[in-house]
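The structure is shown first, followed by the notes.

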Amino acid sequence: MILLLGGTSETAPLALALAGRGFRVLVSTATDVPLDVGAHLLLDKRTGPLDSESMAALAVEKEARVIVDASHPYASAARANAREAARRLGIPYLTLVRPTVIHGDDSLHVAPDHESAARVACSFGKAVLLTTGARNLVPYTREAKANGVALTARVLPHESSLEACRKAGIPETNVITGRGPFSVEENRSAIRQFNIGVIVTKDSGEAGGVPAKIEAAREEGCQVVVVGRPAEAAEATFSDLGELVAAVTRLLEV
């Protein structure tokens with residue numbers, strides 16, 4: 001059995017590729033956000049958050065021989081729990097990380113965390129479009145208020161996301177809902193609608209729609225602030241799905 005931690009667009013092709021090699025795969029996602037992992041007799045799915053202890057217990061129950069992590073690059077707590085669970089059980093931990101798309105671009109403002117990103121984004125005195133999700137909103141609302149700039153947030157169309165915006169003090173009129181990735185034109189439309197001068201994004205790769213955000217910002221004359229990725233531990237890390245599947249196959253065929 002392979003315990004596959006998912007939630008990203010890479011989850012389904014990875015799960016199907018592993019099942020196609022003849023391995024039983026349990027796909028575990030932290031939330032109940034719909035995620036189609038495809039149909040295969042060797043695939044099963046569960047939802048709900050796991051800490052390191054409950055993840056280790058699940059792995060023991062399912063007789064998992066390896067943990068494969070395809071969670072979001074910014075899900076640092078989930079990744080840490082997965083590494084710790086694998087360490088406890090003495091089984092391999094392999095992770096798939098999306099390739100970055102921001103290297104070598106001096107026009108981007110890269111910040112190490114949300115606090116820093118909020119300060120940079122609001123320092124230009126222009127309206128800010130926040131595209132980093134419904135978590136970590138408070139630093140941006142605080143800096144926007146202190147600098148007298150308008151803040152618009154684009155979040156998933158879920159009640160929990162809308163509630164987070166309300167709690168952070170973002171008016172409903174300044175909340176865009178939708179599920180990405182968004183096209184260049186969709187991003188440009190949002191920029192024009194709210195007279196945006198600065199876009200804040202995570203470095204969530206091509207699958208996260210980052211190139212389209214950057215292109216839209218350039219075409220509309222906007223600054224781009226990127227929240228840098230959490231540091232990745234030195235365990236087996238792959239950016240290519242095929243290479244990860246091959247590595248898992250080598251481990252489990254021994």
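S7 and S10 run parallel and are joined by four bridges; strands (E, at least two residues) and helices (H or I, at least four) are DSSP runs numbered from the N terminus, and two strands pair if DSSP finds at least two bridges between them. The model is predicted: local features need pLDDT of at least 70 and side-chain atom pairs pLDDT 80 or more, while totals for chains, interfaces and linings use all residues. Residues are numbered from 1 along each chain as its sequence is written, and side-chain values use heavy atoms, with hydrogens and water left out.

**Strand S7**
- Leu130 has Val200 of S10 as its bridge partner.
- S7 is also parallel to S8, through three bridges, and Leu129 is the bridge partner of Thr152 in S8.
- Ala127 and Leu129 point one way from S7, Val128 and Leu130 point the other way, and all are buried (under 20% relative accessible area, 1.4 Å probe, protein chains only).
- In a regular strand the side chains alternate between the two faces of the sheet.
- S7, H5 and S8 form a right-handed β-α-β unit (clockwise from the first strand over the helix to the second, with the strands pointing away from the viewer).

- Beyond its neighbours within four places in sequence, Leu151 is in contact (heavy atoms within 4.5 Å) with residues including Val128, Tyr140 and Ile170.

Note on methods. Buried means under 20% relative accessible area, exposed over 50%, partly exposed in between (1.4 Å probe, protein chains only).
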